[in-house]
Amino acid sequence: MAKKDSIKKPATHTTGSKIGHPINELISAVSTTYKDYINSLTPRLKLIDIFLTFLVLLGILQFIYVLLVGNFPFNAFLGGFISCVGQFVLTVSLRLQYNYENNSNNSSDKVEQEIEEKSIEDVNETKVDVDTIEVNDEKPFKFVTPERAFGDFIFASLILHFIVFHFIN
């Protein structure tokens with residue numbers, strides 16, 4: 001017994017590891033998220049994300065300018081800031097519609113797969129009604145093509161900037 005008690009373990013400094021451990025986990029989580037972001041997104045979505053970052057920075061810059069210099073032409077500040085916020089909202093909507101996980105045009109693939117599972121005679125004899133085949137795909141932008149999403153984005157952006165232009169006077 002005395003022999004076991006006489007062996008002492010080397011002292012470890014726990015103060016640094018308590019602080020360093022959460023920081024290391026945070027750095028690891030951020031680097032894993034960034035690597036997954038770079039590897040999984042298309043260049044189009046990355047470009048949209050860069051534009052969203054630009055809009056956020058521009059809005060912050062306008063707000064800081066108003067705080068430092070003043071807001072004498074207040075309509076100009078409001079017009080610019082509303083333009084940034086509105087364009088940000090429209091661009092987020094475009095990004096959601098472009099994202100493949102949200103925009104599923106592959107629901108027709110599921111219908112075709114179910115038709116293939118049925119026998120060809122059933123399809124020819126109209127025992128299988130293609131219009132009533134249920135697709136349990138709860139995607140929000142199921143039938144929106146990327147071209148239509150971009151057209152909606154351009155149209156809404158033109159209306160937004162027309163309103164902002166007239167608001168500035």
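This is a predicted model: local features need pLDDT of at least 70, side-chain atom pairs count only at pLDDT 80 or more; totals for chains, interfaces and linings use all residues.
A residue counts as buried when its relative accessible area is under 20%, exposed when it is over 50%, and partly exposed in between (1.4 Å probe, protein chains only). By that rule Leu67 is exposed, because its relative accessible area is 60%.

Residues are numbered from 1 along each chain as its sequence is written, and side-chain values use heavy atoms, with hydrogens and water left out.

**The overall picture**

- Helices (H or I, at least four residues) and strands (E, at least two) are DSSP runs, numbered from the N terminus.
- Walk along the sequence and you get the pattern α-α-α-α-α-α-α.
- Of the 169 residues in the protein, 21% are buried.
- The protein exposes about 13400 Å², and carbon and sulfur atoms supply 65% of that area. Accessible areas come from the Shrake-Rupley method with a 1.4 Å probe, and for residues only the protein chains shown count as cover.
- A contact means heavy atoms within 4.5 Å. Among contacts with a separation of 6 or more, 77% are between residues 24 or more positions apart.

- Which residues make the nonpolar surface patch of about 1200 Å²? They are Val56, Leu57, Ile60, Phe63, Ile64, Tyr65, Leu67, Leu68, Val69, Val85, Phe88 and Val89.
- Two or more of these residues come from each of helix 3 (43-69) and helix 4 (74-98).
- Helix 3 gives the most to the patch, with 9 residues.
- Patches are made of residues with over 30% relative accessible area and no salt bridge; like charges are joined within 9 Å, and nonpolar side chains (Val, Leu, Ile, Met, Phe, Trp, Tyr) within 5 Å.

**The nonpolar core inside**

- A nonpolar core is a set of buried Ala, Val, Leu, Ile, Met, Phe, Trp, Tyr and Cys residues joined through side-chain atoms within 4.5 Å.
- The largest one here has 9 residues: Leu41, Leu45, Ile48, Leu52, Leu94, Tyr98, Val144, Ala149 and Phe153.
- Helix 3, helix 4 and helix 7 (146-168) each give two or more residues to this core, and the largest share, 3 residues, comes from helix 3.
- Leave out residues up to four places away in sequence, and Ala149 touches Leu94, Gln97, Tyr98 and Val144.
- Thr91 is found in helix 4. Is Thr91 buried or exposed? Thr91 counts as buried because its relative accessibility is 1%.
- With residues up to four places away again not counted, Thr91 touches Ile48, Phe51, Leu52, Leu55 and Phe153.

**Charged pairs**

- Side chains of opposite charge can pair when their charged atoms come close.
- A salt bridge is a side-chain nitrogen of Lys or Arg within 4 Å of a carboxyl oxygen of Asp or Glu, and by this rule there are 2 salt bridges.
- One of them joins the side chains of Arg95 and Asp49 (2.5 Å, N to O). This pair links distant parts of the chain, with Arg95 in helix 4 and Asp49 in helix 3, 46 residues apart.
- Both Arg95 and Asp49 are buried.
- Asp152 and Arg148 also meet through their side chains in a salt bridge (3.8 Å, N to O). Both of these residues lie in helix 7, 4 residues apart, about one turn of the helix.
- Asp152 is partly exposed because its relative accessible area is 37%, and Arg148 is partly exposed because its value is 49%.

- Ile154 lies in helix 7 and counts as partly exposed, at 37% relative accessibility. The C-alpha atoms of Ile154 and Leu90 are separated by 9.2 Å, though the two are 64 residues apart along the chain.
- Pro146 is in helix 7 too, and is partly exposed with a relative accessible area of 25%. Pro146 and Arg95 are 51 residues apart in sequence and 9.9 Å apart in space, C-alpha to C-alpha.

**What the UniProt record says**

- An unreviewed UniProt entry lists residues 47-68, 74-94 and 149-168 as "transmembrane region". UniProt positions are given in the numbering used here, feature names are shortened, and annotations may be inferred rather than shown by experiment.
- In the model, residues 47-68 are 100% helix and 0% strand, with end C-alpha atoms 31 Å apart.
- Residues 74-94 are 100% helix and 0% strand, and the end C-alpha atoms lie 30 Å apart.
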